[in-house]
Each structure stands twice: as C-alpha cells, then as structure tokens.
Amino acid sequence: MVSFSVKTKNELCRMAAGRDCCQRAELYGVLLFASEFSNRRIRIVSGQAALIRRISALFLRVFGFSPEIQAVGGKRALVVSEERCLRAVLGGLGYDYRSYITYHLNRNVVEEPCCAAAFLRGAFLMAGSVASPEKKCHLEIKSSHAILCREVMSLMLDNGLEPKMAERGSGVVIYWKDTQRIEDFLTTIGAPRAAMALMEAKVEKQLRNEINRQVNCETANMVKVTAASAKQIAAIERALMLRGIEVFPENLRETVDLRVGHPTASLAELAAMFDPPLSKPGLNHRLRKIMEIAGQVGEGE
Ligand SMILES: [Zn+2]
C-alpha cells in the first residue's frame with residue numbers, strides 16, 4: 001500500500017517546476033537534506049521514482065547537467081562526483097568550492113517567499129514524512145545536522161510556520177503535531193490535496209465525537225449524514241481559510257453559515273432553518289454550487 005507520505009510527495013513531484021529562482025531553491029533544499037553534499041561528492045538516495053526524476057530534471061535545468069544514476073538495493077542514487085559539476089553546483093549556491101563545510105543555510109538563495117517555499121518543498125521531499133490522516137497528526141523532517149536544522153527552523157519562523165525541534169538518536173527532527181500547522185506547511189510547499197485529506201479526517205473525527213455524545217439520535221443514519229457533511233464542511237473551511245467569505249456570492253453565504261454551523265443536521269433539518277424554509281432540492285442545488293466554488297479554490301492553488 002502506498003503510504004500517505006509517498007502520496008504527498010507524488011503530489012509535490014507533479015507540481016510545475018516554477019520560476020528559475022525557485023527551481024534552484026528547491027534543489028538546494030534537496031541537497032542540504034541529502035545523504036551527501038560536499039565538494040567531493042553529492043549523493044541523493046530515494047526509493048521513489050518520481051522524486052529521482054524530478055531532482056534529475058532540476059539538476060539539468062539549474063546547472064545544465066544530469067547526475068549519474070546508480071542502483072542501490074531497491075532504491076536509486078543520483079551521484080555527482082566530477083569536479084567540473086561539483087564546482088558548478090557549489091558555486092551556483094554561493095559556496096566556496098574549497099571549503100568543505102556545506103551544512104549551513106545560505107539565506108541568499110531563499111530570500112523571496114516563493115523560494116523559501118520551494119526550498120522547504122525540497123527538504124520535505126528528501127527528508128520528510130507525514131502520518132496518514134487516520135493516525136495522530138505528525139509531520140517531520142529529519143537531519144543529522146543540528147546547526148542546519150536551527151537555521152532552517154528560523155527560516156520557517158520567518159515564513160509564519162512554527163515548528164518544534166527535538167533530538168533523536170544522533171540526529172535532529174523538525175516537527176509539528178498540530179493539524180492546522182501541518183495543513184499550513186503542506187499548503188505552503190504545494191500539497192493542497194494532502195492538506196485537504198488531513199482537514200477532512202479532522203472534521204470527520206470531531207463530528208463522530210459529537211455524535212457519540214448525542215445518545216438519543218439514530219446513529220447509523222447520522223453517520224451517513226456526517227460523512228457527506230464532513231466533506232462539505234472541510235471544503236468550505238478550506239475555501240474560507242484561503243479566500244475568505246467573499247469567495248462565495250452573496251446569495252450563498254447564508255447556506256455556507258448554516259452548513260458550517262450545524263454539521264450534524266440532515267438536509268431536511270438544514271432546509272427548515274431558512275426563513276422562509278427552503279425545499280430539499282433547492283438546498284441541494286445551493287450546496288452543489290458551494291462545493292463547486294470550494295473545489296475550484298483548491299484547484300487554483
Ligand atoms: Zn522563487
């Protein structure tokens with residue numbers, strides 16, 4: 001089974017490469033979190049074919065050459081060992097070729113917000129993982145370089161992301177456990193679908209809990225109502241977060257408010273809350289419109 005981490009990374013790998021500055025920044029994020037990044041050798045290992053293809057393409061576009069591909073067990077390694085190529089990479093990222101200390105973040109490469117996001121995408125692609133929506137929320141990026149991690153953390157703080165950091169074994173992890181922050185991070189680096197999946201799961205969990213407290217209702221029926229309503233509410237909340245209520249036309253805003261405000265209400269119950277009451281088909285029509293608009297907001301990111 002494909003893990004949620006792999007799905008999320010595949011989503012990121014499908015993203016357009018973006019501006020030149022961002023391509024360089026993304027590759028830089030990959031390199032700083034790769035197995036080897038020095039003036040002697042660069043070595044990037046992954047079991048994910050889409051990721052190897054993306055990184056290889058980035059090398060070609062940014063530095064004008066393709067790394068050598070080696071097989072390592074069931075994985076692939078991209079290797080750069082030719083001096084000419086190593087000079088191009090280190091020089092291009094603002095390093096002195098002769099010095100061997102590369103595990104520092106050169107802020108010049110990630111100055112623009114677009115580039116910071118691309119850099120974090122590269123870091124996550126290389127060293128990140130995210131727990132699947134059914135599990136407890138957790139996203140982390142691993143490294144064996146503590147100073148680098150502190151510098152990357154300060155970059156995240158500057159960009160409104162608030163990670164935590166912990167030592168683990170000989171290395172360090174940057175992590176989040178808060179769903180909202182994980183959604184923000186995934187949206188920032190270009191994985192709105194993964195963020196949406198987490199948000200849907202969260203809303204569904206909340207609604208289940210609410211139902212469990214309401215002992216007098218018909219549970220089976222409620223669960224059916226809930227699944228549909230959770231999907232709608234997650235989509236609406238996402239659209240509201242990204243664009244605000246203005247994204248919905250005036251005549252749909254009351255419906256938006258009522259749907260979000262009464263997550264466990266059935267269609268009939270919801271229709272009766274309007275003044276004057278709506279018909280069920282009338283409400284259905286409005287909800288379809290709302291979902292259409294909310295869906296477009298996700299697509300446009
Ligand atoms: Zn950029």
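1. The side chains of Lys-202 and Glu-183 meet in a salt bridge with an N to O distance of 3.9 Å, where a salt bridge is defined as a side-chain nitrogen of Lys or Arg within 4 Å of a carboxyl oxygen of Asp or Glu. By this rule there is 1 salt bridge across the interface of domain 1 and domain 2. The model is a predicted one, in which local features need pLDDT of at least 70 and side-chain atom pairs count only at pLDDT 80 or more, while totals for chains, interfaces and linings use all residues. Residues are numbered from 1 along each chain as its sequence is written, and side-chain values use heavy atoms, with hydrogens and water left out.

2. On the domains themselves, the assignment for the protein chain gives domain 1 as 4–188 and domain 2 as 191–300, these bounds coming from an automatic or database domain assignment. The contact, meaning heavy atoms within 4.5 Å, takes 15 residues from domain 1 and 14 residues from domain 2. The C-alpha centres of the two domains lie 37 Å apart.

3. Domain 1 and domain 2 bury about 1200 Å² between them, with 64% of that area on carbon and sulfur atoms; buried area here is the accessible area (1.4 Å probe) that two parts lose on being put together, summed over both. Between the domains, 5 residue pairs are in polar contact, both residues being at pLDDT 80 or more. A polar contact is a pair of N or O atoms within 3.5 Å; within protein, one must be able to donate a hydrogen and the other to accept it, and residues adjacent in sequence count only if both atoms are side-chain atoms.

4. The elements that give two or more residues to the side of domain 1 that touches domain 2 are α1 (4–13) and α7 (179–189), and the largest share, 7 residues, comes from α7. Helices (H or I, at least four residues) and strands (E, at least two) are DSSP runs, numbered from the N terminus.

5. Turning to the sheet, 4 strands form an open sheet in the order β1-β2-β4-β3, with antiparallel pairing; two strands pair if DSSP finds at least two bridges between them. The edge strands are β1 (36–37) and β3 (68–72), each of which pairs on one side only. Strand β2 (residues 42–46) is joined to β4 by 5 bridges, and in this pairing Arg-43 has Val-79 of β4 as its bridge partner.

6. β3 and β4 (residues 75–80) likewise pair in the antiparallel sense over 5 bridges, with Ile-69 opposite Leu-78 and Val-72 opposite Lys-75. In the hairpin of β3 and β4, which has 2 residues between the strands, Gly-73 takes a positive phi near 60°.

7. The salt-bridge count comes to 12, and one of them joins the side chains of Glu-26 and Arg-54 at 2.6 Å, N to O. Because Glu-26 lies in helix α2 (residues 20–32) and Arg-54 in helix α3 (residues 49–63), the pair ties together parts that are 28 residues apart in sequence.

8. A last point concerns the backbone: a cis peptide bond, with omega about 0°, joins Asp-275 and Pro-276, and Pro-276 is found in the loop between α11 (267–272) and α12 (280–300).
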